[in-house]
Amino acid sequence: MATTALPLRGVGDTETAAAGHDSCDYIARVAGPVRATGLVGSAHEIDRWLKNDRRRIIGVDLSLGAWEGQAAACQIERQLNIDAGSATRGTMAVPWSAHGGMSDATVASWIDAEAQGDAQILAALDRAKHVLRHLREWPDVALLISLPQFGFDFGRENRFFASFFAAARGPGSLIFVGTPATLDVEGFLIDWSTLSDPSPESRVETADFHAEVVAPGGHTSAKPAAIALDGGWSMASPAARSDPTQASTETLCHIALTGAPNARAFAETRLVQRGLGDARLLAQMAWESFSVGGNDTGLLLLTHAQVAARDAFEAGMILLMQQSMRIALQRYREAAVVEALPAPLPEPVRRALIASRAWGMVMSGQPGEALTAFGLARGDGKFADSPWLDLYLRNINALAHLRAGDAERALQLEAGIEESLDVLDDEAWHIRYLNCINIARLHRRDANIDEAESYYNRAFETTKGVFMPSDLVYRDVCRAQLCEARGDLYPAFTAWLRACLNLAAFEVPEALGWRVASAIINRAVAWDGVDAEEVLSAARARLEHAAAALGIDKPCGVAAATLPIVSRDLYGRASEPGAMTMVGAQGWAVGVIDCALEPPYDSPAAQALRAALAGLLRTTSGNPPELARGAIILDTRDGQGLPENRPEAIETALRYSTGKLVWNGVHIDPGPVDWSRARVKIGPAVSCIRPSADDGATVHFKRYRSPYQITAAELRMLRSERAGDLDALHRLEEERVLTVERATAGN
């Protein structure tokens, strides 16, 4: 059996390149504390230790804590001279406007953020992968992190970033430097070594306040207190730090004007406390941090900005930004207990603040109080001037009625929202998704299963073609619940099977959307309360219960470790995964390769789920030998979901040159693709295609994806519905612009 190196962990080294899997794009992780090395000592002793280690060292200085969103990633990107680019997956688009309304893009980003899962973890994962790709040519590299001092916080996204880096680059790749007061770091198991007496070193202003890695030529006056990094960069020794809260106003002003981003934001917060800061500047920094996934940092900076507000209007707008962030992060309890509103305020701002508090009340178990607040927030028969925001708040108001015990009124209100959506000038896909999901839940609650199914289908049509991992799991969990309510045992089983397959392939199950997690474990889950082990165990129990209902209580056994489950998108779209064979039966189909891979996430619960899945796949497909070894690759057909029937399985097999399929234990050879008979269709994720001045067009998507520009030739191919330039066709298929109905000479 062929063996590949760990995805991303050794990308670029000779073993990985020889195996032909340089395009692997996931980080294999094992649950539990991350092991790291810890050093305490002077800059001289730390430098000597690092030189003996002989690895290239990149550094992150978090001695002041996290005051910049994704601070660890940002500092490394500056050292490597790389741009975050498309790697930045933030939480929201733009803030509330000055008149108390909100752009449609922000409403959309709220809904997308909730659907995708924990944005803070996902953003850290994106940035870690981005950095690791640029380190492919560095086989021996370590990350040196100077830990926060003086009671400052590491930052949740920075902890995840460090853990992702360590998982990818292997044991010993993560080194912390600190003082005796900084030896405890949540989520890490650190082997500390004291190299020398950590008594304070000579402290110099440049060493005290850069609080970030410094470019070549820096630290010239503080070299004895500086730790050398790769490429001439340097970082101040932890022992050289003095308490920055005691810095002079002159020093703080200098850092606020000329310092590195993390230190500059910190200096502004200290100046605010001295009556000298700029609230608007801090609010801008907060939004910049929040927009790249620095969620806690954004909220913290706004707390300081609130102190510096010059008048009630500025205080009200900052509070509105805080509420917007809390709601985007599903921190509803915090949104529900907002303090008394500043006065006087423009009426739209006042109403928006009251509505945001009502929103938090609904979601934190106070529906009666929420209804009272919604009554105060409504003006001229609507909650906001922005149509999307008004419709969104009407959805939340309907939910308040439901949670107050009036399901009939809730359904009436949702029906009214549906009517309003039908007369809007644009499709408002995000609001339609929310409305359809809510109506589906209400019908399921009343046992109107056919109506519920119809609305669930309409909801998930808004993301078909761009399904995210949480979407893939949630859609089949909802379908399984409907089938169980009908008594359709086999469809319920296969829906749970598909949901569990996608869950097992998810890199970061702790980032699963909280609604999805709640549906699986059948209880409420807080925004940051997704326990991956609990969710994986509950999913396996639901799957095994569905199997037992069919009389499958002893599935064919197979060692879990031999069958990791990996998404095709993560395995590497740029290269074909070897001799892959599709294996399936009614309700599901997966790819199998005779190649050893590591699972994206491994733990006792993950192993038990994979073992259950492997046994059930073999039992329901005639126990083919292909499922006895290797790895399972999930092809979701460019975000449309796993194949569910024989034609979809054949079409998926035709995506690979081998074109093999084992269906119900029978080998099928569909033959090579006849591209002259293939048909091209606009992808289900596309909202509209608008011609551009250069005879090409701009493709706009319903959800998640930014507009995509296509050429005149590509537009002609779409209009002709025939396959033209195959390179262009495959690229547009990958970009979700089109789908291809592949055909062979025999069908």
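Biologist: How is the packing of helix H10 and helix H12 described?

Modeller: Two packed helices are described by the angle between their axes and by the distance between those axes. In this predicted model, helix H10 (residues 279-291) and helix H12 (residues 312-328) have axes that come within 11 Å and cross at roughly 10 degrees.

Biologist: What orientation do H10 and H12 have to each other?

Modeller: Angles under 35 degrees count as roughly parallel. H10 and H12 are therefore roughly parallel to each other. Their crossing is left-handed.

Biologist: Which residues of H10 and H12 meet?

Modeller: On the side of H10 they are Ala 279, Arg 280, Ala 283, Ala 286, Trp 287 and Phe 290. Their partners in H12 are Glu 314, Ile 318, Met 321, Ser 324, Met 325 and Ala 328.

Biologist: At what angle do the axes of helix H15 and helix H16 cross?

Modeller: The axes of helix H15 (residues 367-377) and helix H16 (residues 387-403) cross at roughly 140 degrees and come within 8 Å. That angle makes H15 oblique to H16, and the crossing of H15 and H16 is left-handed. Pro 367, Ala 370, Leu 371 and Phe 374 of H15 meet residues of H16, including Leu 393, Ile 396 and His 401.

Biologist: Where do Tyr 456 and Phe 460 lie?

Modeller: Both belong to helix H19 (residues 449-461), where they are four residues apart, about one turn of the helix. Tyr 456 and Phe 460 are both buried.

Biologist: Why is the pair of Phe 460 and Tyr 474 edge-to-face?

Modeller: Planes over 60 degrees apart count as edge-to-face. The planes of Phe 460 and Tyr 474 stand at 80 degrees, with the ring centres 5.9 Å apart, so this pair is edge-to-face. The pair links distant parts of the chain, since Phe 460 is in helix H19 and Tyr 474 is in helix H20 (residues 469-486), 14 residues apart.

Biologist: Are Phe 460 and Tyr 474 buried or exposed?

Modeller: Buried means under 20% relative accessible area. Phe 460 has a relative accessible area of 4%, so Phe 460 is buried. Tyr 474 is also buried, with a value of 8%.

Biologist: Which residues do ring pairs link into a cluster?

Modeller: The cluster consists of Tyr 433, Tyr 456, Phe 460 and Tyr 474, linked by ring pairs. Tyr 433 also has a charged neighbour: Arg 703 lies over the face of Tyr 433, at 4.5 Å from the ring centre.

Biologist: Where is the place of Arg 48, and how accessible is Arg 48?

Modeller: Arg 48 is in helix H2 (residues 43-53). Its relative accessibility is 46%, so Arg 48 counts as partly exposed. The C-alpha atoms of Arg 48 and Ile 227 are separated by 9.6 Å, although these residues are 179 residues apart along the chain.

Biologist: How many helices and strands does the protein have?

Modeller: The protein has 28 helices and 22 strands. Of its 747 residues, 59% count as buried.

Notes:
Residues are numbered from 1 along each chain as its sequence is written. This is a predicted model: local features need pLDDT of at least 70, side-chain atom pairs count only at pLDDT 80 or more; totals for chains, interfaces and linings use all residues. Side-chain values use heavy atoms; hydrogens and water are left out. Helices (H or I, at least four residues) and strands (E, at least two) are DSSP runs, numbered from the N terminus. Buried means under 20% relative accessible area, exposed over 50%, partly exposed in between (1.4 Å probe, protein chains only). Rings of Phe, Tyr and Trp (its six-membered ring) pair if their centres lie within 6.5 Å; planes under 30 degrees apart count as stacked, over 60 as edge-to-face and the rest as tilted. A charge sits over a ring if NZ of Lys or CZ of Arg is within 6 Å of the ring centre and within 35 degrees of the ring normal. Axes are lines fitted to C-alpha atoms, for helices over the stretch in contact, and angles run from 0 to 180 degrees between N-to-C directions. Angles under 35 degrees count as roughly parallel, over 145 as roughly antiparallel, 65 to 115 as roughly perpendicular and the rest as oblique. A crossing is left-handed if the near helix is turned anticlockwise from the far one by less than a right angle, and right-handed if clockwise. Contact means heavy atoms within 4.5 Å.
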